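Work through these exercises with the structure open. Try each task before you read its solution.

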Amino acid sequence: MSMIYDERNRLWKLDTPNTSYVLGLVDGRFLAHIYYGAKVTDTDITYILRLNEGWKVPSKQPEEYVSFMSALPMEFPVSGRGDYRESCINIKTEDGQEGLELIYDSYQIYDGKNDLKGLPSSFGDNVQTLEITLKDTIVGVEAVLSYSVFEGSDVIARSVKVKNAGDRIIHLTKLLSSCIELENEGFEVLGFYGSWAREHIMERTRLGHGATVFESIRGEEGHDGQPFIAVMDEKTDEDSGRVYAMQLVYSGSFLAKAKTDARDYARIVIGIQPSGFDWKLEAGEEFQAPEAVLTYSDKGLNKMTHSLHDFCRDHIIRSKHQYDKRPILVNSWEAAYFDFDEKKILSLAKSASDLGIDMLVLDDGWFGKHREEPKASLGDWYCNENKLKGGLEFIGSELKKMGLKFGLWFEPEMISEDSDLYRAHPEWVLHTKGREPARCRDQWVLDLSNPAVIEYLYESMAKIIDAADLAYIKWDMNRPLSDIGSDYLDKDRQGEIMHRHVIGVYELQERLISKFPELLIENCSSGGARFDLGMLYYSPQIWCSDDMDPVERLAIHEGTALLYPLSTIGSHVCKGKNDITGRKVPFKTRGISAMTGTFGYELDLTQISEEDRKAIPSQLKEYRAIQHLVQTGDYYRIASYRTNGRYDAFMNVSKDKKEAYLMYMQVLARPNDKGQRICLKGLDPDMRYEVECEDRKETYKGDVLMNVGFILPCIREDFSAVMIKISAK
Ligand code: DGJ
């Protein structure tokens, strides 16, 4: 990795092992985006800006300033001065006027990387950073763009900080984190859609001249979005073709947009959602935008995935448990929902401990006066001792005797109307004047822009974590934000609420981890509505979806694992008849499905059949045998049920290529079928491997497995999965 400034061409070139990113000055003042793609070794490349075609730079042709602004590929586009494409920044002055002209001022390159104040961001030991300062001296705005490259990684981290350098108040009404411009050579766009129980579904569409937008205005990314966008060649597949990807390290409303202009340049941007955003900056104040993570692959989507997974594991997940094998757990939610007492929980725990499970997680329903349904008690973070006699300390000490860790559910950002907290502090609820806030799951959202609310939540959670000696908390968020109004903030700061909510969540998680460094947090938002790099900075795993049906999970997992390492994907074995789809799937398949991420059970272990119970110890053994690969392996997509309609397969291969496993699931059996041939990926062509599949043990050369393939058993059963282990001889 390296960063250079080339004085002759007045450009900066950032190199990662396989990519180059080039930005430079045009007319000595304007920062242009010059190149992003496969590594180049020379800097004489400004010719691709085509500055000698038609329009000229403003110093030579001031009368055509607008033509220049609307054509140059910009590194950090402004609005109001003739660039009519998507801008990255806008402001409003006290005179009510908009528009900026950000002119190059200075740069510095240094070893290391600064944290982003109040926000999660990437980190590393061997990293270099470039900072470029741009200024608008008329309205008094300074923008510092920063770019970091990391040893051994094909990812570039990029962000921007804006300062009010004038002496009057300004309002920042838009600040996106990153922009790249590429010539659209028949590109497609890749993004995500979904809903509750159907999160993170990949979708590719053609990138025409109309805008393709992925966004959220919910205060989190939502079940239907991911703060991510990629453009790629039409022919890009898993192993070949170009992909340019941008992902945001952020957990709130976002905008990711690609649009091609009349000259066939595509501008691709990502950042905080500008709609509803308005941040007041007094003289001298700064605003830090979240970080964007950029990667380029010319070896298709699998290479993009590897770059993103490695970066996430090594430079985003900050938890002490970053590389640890995570505890295998049983979660009480689908085992009991709200209907439990201490006896039921302890008998679930006893079965778990007898079977060799590591942790019991007590989900929703343990707190407040009467949490028998979602209606009541959110905000009252004390144990309901009518339900759990002896309280959490008693449960915790009983679990300890059984050799189990204790995990507990919270939903800190929310409040129920029927709660002591609401009775004491109705003003702590987000609401707009004169209107009852809209209900969702019969709950409201707390105003996290108010420091007193943060303090209350921190104190009440820390007290419980300490008293019950918790090893883990599940942090849930079961509704999006609405009624964006705060009694705490002044009227000219109401546009800050959405972002302040997100930084309030970050502050709370930061404080809890600092106080309890061993605490494992699993974030969750009604399933996977807040699965992003921002949350992964604090919690190394996130509950991926409430939908544990192994068939449904195939597309959910495919989309989630496209961006996030398997070690981050919370997945559990569900009931025999799935509570959401009603589908009945064999226990073995449910087990293999849950082994695609962090592993656990979400069913009443005391009620399952003897046959299933007996299968659990060997299921645990099987998972533990691959768990180190789940944590650190390279993930390869092989076949997608979403696109082929019949079966799904992926592999996970150790970095030294000596160990791997393949998971295969046949959704529906076909009459008169043959055994499926699968060409494996990621192995060493020259190594010999032993392949263990059910009761078969065979040896093959790596190149044979990858090119000739492996023949799976012919399975005459629906919803049937197999796991194949591959190890070097
Ligand atoms: C939604 C989560 O996704 C579930 O796992 C469970 O924790 C419920 N909330 C509890 O209310």
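**Exercise 1.** The side chain of H200 reaches which backbone oxygen?

*Solution.* The model is a predicted one. Start by locating H200: this residue is found in strand β12, residues 198–206. Now follow its side chain. The side chain of H200 reaches the backbone oxygen of G528 at 3.0 Å. Next, look for a side-chain partner. At 2.8 Å, the side chain of H200 makes a polar contact with that of T560.

**Exercise 2.** Decide: is H200 buried or exposed?

*Solution.* Take the relative accessible area of H200, which is 1%. The cut-off for buried is under 20%. H200 is therefore buried. Then list what surrounds the residue. Leaving aside neighbours within four places in sequence, the contacts of H200 include F192, Y193, H223, F531 and I556. G528 and T560 are also among them.

**Exercise 3.** Describe the largest pocket and its lining.

*Solution.* Begin with the space: about 720 Å³ lies in the largest pocket. Its lining has 38 residues, and the closest to the centre are L116, K117, G118, L119 and Q288. Next, find the main contributor. β9 gives the most to this lining, with seven residues. Finally, sort by class: 14 nonpolar, ten polar and 14 charged.

**Exercise 4.** Which element gives the largest share of the lining of the second largest pocket?

*Solution.* This pocket holds about 450 Å³ of space. Its lining has 25 residues; N18, D154, K303, H306 and S307 lie nearest the centre. Two or more residues each come from β20, α2 and β31. The largest share is that of α2, with eight residues. By class, the lining divides into five nonpolar, eight polar and twelve charged residues.

Note on methods
Residues numbered from 1 in each chain as written. Predicted model: local features only at pLDDT ≥ 70, side-chain atom pairs only at ≥ 80, totals over all residues. Heavy atoms only, no water. Helix = DSSP H or I, 4+ residues; strand = E, 2+ residues; numbered from the N terminus. Buried < 20%, exposed > 50% of the residue type's maximum accessible area, 1.4 Å probe, protein only. Polar contact = N/O pair within 3.5 Å; in protein donor to acceptor, adjacent residues only side chain to side chain. Contact = heavy atoms within 4.5 Å. 1 Å grid on protein atoms, 1.4 Å probe; cavity = no way out; pocket = protein on both sides within 12 Å on 5 of 7 lines; lining within 4 Å. Points joined across faces, edges and corners; volume = space filled by probe spheres on them. Nonpolar A, V, L, I, M, F, W, Y, C, P; charged D, E, K, R; others polar.
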